[in-house]
Amino acid sequence: MPQLQRLAVTATQICDRQIDLTREQQHYLNRVLRLQAGDRFIAMDGRGHWWLAVLEAQETGLIASITEEIAVNRELPVEVTLMAALPKGNGFDDVVRQATELGVASIVPVTSDRTLLKPSDQKVDRWRRIAAEAAEQSERQIVPTILEPISFDLAVKDCNQKYRFICVARGDNRHLWDCLAAVAPPQSPLIRGEQDGGELSIVIAIGPEGGWTEGEVKRAIEFDFEAVSLGRRILRAVTAPMVALSLVGVAFEKC
C-alpha cells in the first residue's frame, strides 16, 4: 500500500461505514493535503483501529467511506503513563508531542510545590489536539489520553499502575534502566504473560524545574513509588520525560 495521509477521527463520526467529517477535517484534507474526491487516506479512531477511507463529494461537503480495516501493530508492549509536573511557559506542548511519538498511553499533568497555577481549559484542549496530531504523524494506533491537571498528592494517591517510578535528579537511587530491565527484559515470558493478562503497566513521574521537593518524594514512596535516577546529569523538565520514555522503548521494544 502506498504512503497515505492519516486522520484522527472519533468513534461518534463513524456510522454505516461512513465518516462524517467535521469542517476542520474537510479543510485539512482538501485545502491543506490537497486531496480530492476519490482519493484515499487512513482514518484512525485513537483506540487501536485503522481504516482505509475514500473521500466522496456531496452537496453538503466532503464525507469519507470506509473500504476496509487495516491491521497494524505500532504500540509498545507495555502501558506507560507519564505523570509530569507542568513546566513554565509552553514547554508542556513539547512534552505532549514527543511523549506521544515515543508511545506513551496517557499523560497526567500535575501541579506540584514548584509549579505555577493550574492551566486553563483551553490549554488542556490544546494538548489533546497536539496529541492527536502527533499520533497521526507517528502512525500510532492510539491517541494518548490527556487527563485534567490534578495535584501531585492526588495523582500519587490515585495511581493504580503496577510499577511506579519517580525520577529524582540527586541521590543514590537505582537507574531507571535497571528497574525496567528487572521488571521485564525484552521478549521475556514475563512480558507475554503479563500483557495477556492486561497487568503490565508503568507510571513514571517527572518533576518540574528544580525537581520534586523532599516532601513530595517521601509522599510518593509512601504510595509504593520507587525513587530512580536518569543519570548523572541534571535534565530539564522537558528533556527528562523523553529520556525516561526512550528507556522504556529500548527495554520493551525490538527493532
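The model is predicted, and local features are reported at pLDDT of at least 70, side-chain atom pairs at pLDDT 80 or more, and totals for chains, interfaces and linings over all residues. Residues are numbered from 1 along each chain as its sequence is written, and side-chain values use heavy atoms, with hydrogens and water left out. The protein chain has a mean pLDDT of 88, with 91% of its residues at 70 or more; pLDDT is the predictor's confidence in each residue, from 0 to 100. Residues 188-197 have a pLDDT below 50, and this stretch has 14 contacts in the model beyond near neighbours in sequence. A contact is defined by heavy atoms within 4.5 Å.

Helices (H or I, at least four residues) and strands (E, at least two) are DSSP runs numbered from the N terminus. Two packed helices are described by the angle between their axes and the distance between the axes. For helix H2 (residues 91-101) and helix H8 (residues 240-252), the axes come within 10 Å and cross at roughly 10°. Axes are lines fitted to C-alpha atoms, for helices over the stretch in contact, and angles run from 0 to 180 degrees between N-to-C directions. H2 and H8 are therefore roughly parallel to each other, a term for angles under 35 degrees, with angles over 145 counted as roughly antiparallel, 65 to 115 as roughly perpendicular and the rest as oblique. On the H2 side, Val95, Gln98 and Ala99 meet Pro241, Met242 and Leu245 of H8. This contact of H2 with H8 comprises five nonpolar residues, one polar residue and no charged residues. In this classification Ala, Val, Leu, Ile, Met, Phe, Trp, Tyr, Cys and Pro are nonpolar, Asp, Glu, Lys and Arg are charged, and the others, Gly among them, are polar.

The buried residues of H2 are Gly91, Phe92, Asp93, Val95, Val96, Ala99 and Thr100. Buried means under 20% relative accessible area, exposed over 50%, and partly exposed in between (1.4 Å probe, protein chains only). Besides H8, the buried residues of H2 pack against strand S7 (79-85), strand S8 (106-111), helix H3 (121-137) and strand S9 (145-146). Gly103 follows H2 and has a positive phi, near 100°.

Two buried residues take part in side-chain polar contacts. Ser65, in strand S6 (residues 61-70), has a relative accessible area of 12% and is therefore buried. Its side chain is joined to that of Glu56 by a polar contact of 2.7 Å. A polar contact is a pair of N or O atoms within 3.5 Å; within protein, one must be able to donate a hydrogen and the other to accept it, and residues adjacent in sequence count only if both atoms are side-chain atoms. Leaving out residues up to four places away in sequence, Ser65 touches Arg17, Gln18, Leu52, Ala53, Val54 and Glu56. Gln161 is in the loop between helix H4 (152-157) and strand S11 (163-167), and is buried at a relative accessible area of 12%. The side chains of Gln161 and Thr81 form a polar contact of 3.1 Å. Apart from neighbours within four places in sequence, Gln161 is in contact with Thr81, Ser201, Ile202 and Val203.

Positive phi values also occur at residues other than glycine. Glu139, which is not a glycine, has a positive phi of about 60°. Glu139 is in the loop between H3 and S9 and is partly exposed, with a relative accessible area of 22%. Asp224, likewise a residue other than glycine, has a phi near 70°. Asp224 is placed in the loop between helix H7 (214-222) and strand S14 (226-229) and counts as exposed because its relative accessibility is 61%.

Exposed positions were also found within helices. Arg31, in helix H1 (residues 23-32), is exposed at a relative accessible area of 53%. The C-alpha atoms of Arg31 and Pro241 are 35 Å apart, with 210 residues separating the two along the chain. Asp121, in helix H3, is exposed at 55% relative accessibility; its C-alpha atom lies 24 Å from that of Val203, which is 82 residues away in sequence. Lys218, in helix H7, is exposed, with a relative accessible area of 55%. Lys218 and Met242 are 24 residues apart in sequence, and their C-alpha atoms are 24 Å apart in space.
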